[in-house]
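Biologist: I would like to learn how to read a model like this one, feature by feature. Please give the general idea first and then the case at hand.

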Amino acid sequence: MKKKRKIRYDRIIKIIVLPLLLFIIMVLAIKMFSKISKKEILMTNFINKEVELVESYAADNNLNLDITYEYSESVTKDYIISQSISENTVINDGDDLNVVVSLGQIDRDVYEELGVNELGKVPIMMYHGIHNLNNSDTAYVGGNVDIDGYQRTTEAFKDDLEFYYENGYRMIRLIDYVNGDIDVELGKSPIVLTFDDGLKNNIFVKGLDEEGNIIIDENSAVGILEAFKKKHPDFNVTATFFVNGELFEQPEYNEKIIEWLIDNGYDVGNHTYSHGKLNSMTTDEVQEEIGSVYQKLNAIVPGEYVNIVALPFGIPYSQTDNNFAYILNGSYNNISYSTVATLRVGWESNYSPFSSSFDKTYIKRIRAYDNNGEDFDIEMNFKVLESSRYISDGDVNMVVIKDKDSIYLNSNVTKNVIKY
Ligand SMILES: [Zn+2]
């Protein structure tokens, strides 16, 4: 009996215990080996070091580096102010690393010399039709096609654009102006272009190419704007088009037009369904006028149009009008809407979005027309702007104002404010 049991123990050791031990040793060996080969990498401290160092570090360790720039009184230019991953944190492939790099000390002399003034006025230009005519083809002055100058010739429109560009204006989107995101290079001034009424000559489609893309008439407003985009890439060409229920009056192409505009850096807003007078309607009618256009746009470019209304005829003339609240908020067909801004008709430039006087729900525009430098025409307005215009500091995240203007700063500005 004893002998037999001993044999059984030997067999158990041979069959079970030995392989088990071998297995455990192998597992431990693999674990140790992988620990050696996969040594944890700990984040290095780059604060107060040169930006080049973090660039090569990020490349070596496969980190997604994102760099933003800020002025700093204490950190030297091109040195790092802060890093999103703190020192000695374990880093892995594909981690995001955000660093803030110093632009050095603010150059007050440069601001002084360029007259940087981000509380200055911004021209919001109001156009309607652009007609393929020379100025000499019309009976009116300076490229006006009609007596009011609402309709302009292509020649005058091209001259206007050249004039804005040569005078240091750079285009921004209306919605960016409304939101106070003014991204214009140092020393230049923002300008906004708007077109009302969704006229055919704003973007006339001649047909479709082989791939089904719209072919835009080069003499329509967008055709001319596209040519300027190529000629002056730093002009940042853009515009906002305000349409009625007929959109761009080209039923066959309306949807493609709106999609094209959005895809190509333009914006589309609301000019009411039937272009009626919003002060002489019932509140239900006002909501139908506003809500139906939003819904129409939403069906074509969901969420990509702007919730801005250009008021037909500039009516109501006062925000105290009973119907005004329904332009801003309401509902139609049980779908509610809210409007972030409205545009008036005429007559001069509007406040900086950082000014305490800025009211985005009631924005003034300049009528883009000629009247021999009188009656708030382009020439008159831009003469006034010479001493009052918004001049950019070149940093979208910073608001630079003159010390003496501090009292005009809007208290709800959340960006860094620098006074000089
Ligand atoms: Zn209109």
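Biologist: To begin with the secondary structure, how many helices and strands are there in the protein chain?

Modeller: This is a predicted model. Its protein chain has 10 helices and 21 strands.

Biologist: How is the protein chain divided into domains?

Modeller: Domain 1 covers 41–105, and domain 2 covers 109–419. Taken over C-alpha atoms, the centres of domain 1 and domain 2 are separated by 39 Å.

Biologist: What radius of gyration does the protein chain have, and what would a compact globule of 420 residues have?

Modeller: The globule would be near 22 Å, whereas the protein chain has 31 Å. Along the principal axes, the C-alpha atoms fill a box of roughly 125 × 55 × 45 Å.

Biologist: What share of the residues counts as buried?

Modeller: The share is 35% of the 420 residues. As for contacts between residues at least 6 apart in sequence, 65% of them join residues at least 24 apart.

Biologist: At what angle do α4 and α6 pack?

Modeller: The angle is about 35 degrees, and the axes are 11 Å apart. The crossing of α4 and α6 is right-handed. On the α4 side, the contact is made by Thr 154, Phe 157, Lys 158 and Leu 161, and on the α6 side by Ala 221, Ile 224 and Phe 228. Sorted by class, this contact of α4 with α6 has 5 nonpolar, 1 polar and 1 charged residues.

Biologist: Now a single residue. Where is Ser 406 found, and is Ser 406 buried or exposed?

Modeller: Ser 406 is in the loop between β20 (398–401) and β21 (416–419). Ser 406 counts as exposed because it has 11 C-beta neighbours inside 10 Å.

Biologist: Which residues does Ser 406 touch, leaving out those up to four places away in sequence?

Modeller: Ser 406 touches Ile 401 and Lys 419. Val 101 is 305 residues from Ser 406 along the chain, and their C-alpha atoms are separated by 28 Å.

Key:
Residues numbered from 1 in each chain as written. Predicted model: local features only at pLDDT ≥ 70, side-chain atom pairs only at ≥ 80, totals over all residues. Domains from an automatic or database assignment. Helix = DSSP H or I, 4+ residues; strand = E, 2+ residues; numbered from the N terminus. Rg over C-alpha atoms; globule rule 2.2 N^0.38 Å. Buried ≥ 20, exposed ≤ 12 C-beta atoms within 10 Å, placed from the backbone. Contact = placed C-beta atoms within 7 Å. Axes fitted to C-alpha atoms, helices over the stretch in contact; angles between N-to-C directions. Left-handed = near helix turned anticlockwise from the far one by under 90°. Nonpolar A, V, L, I, M, F, W, Y, C, P; charged D, E, K, R; others polar.
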